Amino acid sequence: MNGKKVFIIVFIISITGLLVVQYQYLLIGLNLAKVQFNQKIGLTVYDLKRGLETQNELTFLIGSAITKDHSYFALDLDSVKGASSYFLNDFISDKLLQHGIKTDFSYSLYARDSTNYLNSTQSYLGEETLLKYPIILEGYLPQLLNKNLILELQFKNLNKYFLFKLNGVTIPSLIFLIAIVFVIIWVLKSFYGQKRFITITNDFINNLTHELKTPVFSIGIASKILQEKTKEENKELVRLIRTQVDRLKNQIEKVLELASLEGKKGFLKKKVLDFKPTILNLVNDFEQLSKIEKIHFSSDVRGDHFTLNCDAYLLESAINSLLENAKKYTKENVEIKFLAYIEHNKLMIVVKDNGIGISEKYQKKIFEKYYRVSNGDLHDVKGYGLGLNYVQRIVNLHKGKIIVKSTLGKGADFIISLPLAI
Ligand code: ADP
């Protein structure tokens, strides 16, 4: 499974997990709201019981309606019933509001023997999810009828009411969750967009470099032939062409090798061998070159054998890159030191110079591909920012480490450590 799929799966699992947790919180919230509602209803029931216990204007009106005795009022029985139903509704609604319950309700007033005496104008009876709270009345009204009287409060669809109460919590958390999803999708999209762009750019550079290889090779051969045949006065010109072609060839090789290091796994040809002879050769070559270029070069190679499991060609070319850099980034009186020794079962390779140095803030960045320190006049030196990235990749492929120690203006020490094979 590739990284992208893992990311997407982790993302989907996390979001689903968050939704489930939110849902659980919602259920807990709903239950708490129900408990709270029941407490409030308990208080309301107590008040209603007390309010309907004694003879007062309301109970007298209700009593007249349920005993069908409308002689006290100059109204017919239906009007008395209608008025009682209306005022009882008002009374209940008022008590509910006093205890913080503001939701639709209906009621019925009936006796134990199922005789129905009074109903609210709208009735929720017969509805699903109906919640009933029967209140056994005491005092004046049951005594009037000489029967047990029950006032039943009915509420429908309370979940909607509870959800509305919890909206202050659920809606913001849903909005935040949606915002998180959007931001993550956006980040993932731009991340993979950029990754695709980098792959395309790398492919383009690699293809272009491949295409350049053949003409550069042909120019190299042609200039070699020309060097032999040309007149003495043109020889310097041809030599210049040859040096530049060699430089170009080196850069092309580096780009292609880097591409191979990034891509194919089987590119590395590791073998257990003594790396000391390769180091001595390399030091010897650089010494010769230093004499010609008037560079002070000294080396100290200590230890009998440097047994490594390595691709000697790649390691050699990595060390060469460090020596080249030491030369490139030192302006005058170039002094380069090369050290190789064994420490804690590791081969340590140190390249020291007395050059321009690297300020601390750039010391990590210089190992990034295409990165070049770009302050002041440092870059009269040509380069593509590939060398150190190339060195680091090779060292990493050998399970080693590379670090730089430097103070700006006071030279730089590049230190490679490689695990020994024995
Ligand atoms: P390039 O030399 O092509 O620019 P590198 O990857 O080799 O690419 O180096 C990256 C940057 O690190 C260089 O641009 C330079 O600023 C800095 N650098 C590398 N080696 C040294 C050194 N020995 N002394 C000072 N700066 C260095």
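This is a predicted model: local features need pLDDT of at least 70, side-chain atom pairs count only at pLDDT 80 or more; totals for chains, interfaces and linings use all residues.
Elsewhere in the model, five strands form an open sheet with mixed pairing.

**Ligand shell**

**Polar atoms at the ligand**
- On the side-chain part, a polar atom of D353 lies 2.9 Å from a nitrogen atom of the ligand.
- L388 places a backbone N or O atom 2.7 Å from an oxygen atom of the ligand.
- For V373, a backbone N or O atom lies 3.4 Å from an oxygen atom of the ligand.
- On its own the ligand has 530 Å² of accessible area, and the protein covers 98% of this.

**Sheet**
- The strand order is β6-β8-β9-β11-β10.
- β6 (296-301) and β10 (401-406) are the edge strands, each pairing on one side only.
- On average, and with direction ignored, neighbouring strands of this sheet are turned by 15° against each other.
- β6 and β8 (residues 335-343) run parallel and are joined by six bridges.
- V301 has A340 in β8 as its bridge partner.

**Helix on the sheet**
- Helix α7 (residues 276-293) packs on the sheet and touches β6, β8 and β9 (346-353).
- The direction of α7 makes about 165° with that of β6.

Methods. Residues are numbered from 1 along each chain as its sequence is written. Side-chain values use heavy atoms; hydrogens and water are left out. A polar contact is a pair of N or O atoms within 3.5 Å; within protein, one must be able to donate a hydrogen and the other to accept it, and residues adjacent in sequence count only if both atoms are side-chain atoms. Accessible areas come from the Shrake-Rupley method with a 1.4 Å probe; for residues, only the protein chains shown count as cover. Two strands pair if DSSP finds at least two bridges between them. Helices (H or I, at least four residues) and strands (E, at least two) are DSSP runs, numbered from the N terminus. Axes are lines fitted to C-alpha atoms, for helices over the stretch in contact, and angles run from 0 to 180 degrees between N-to-C directions. Contact means heavy atoms within 4.5 Å.
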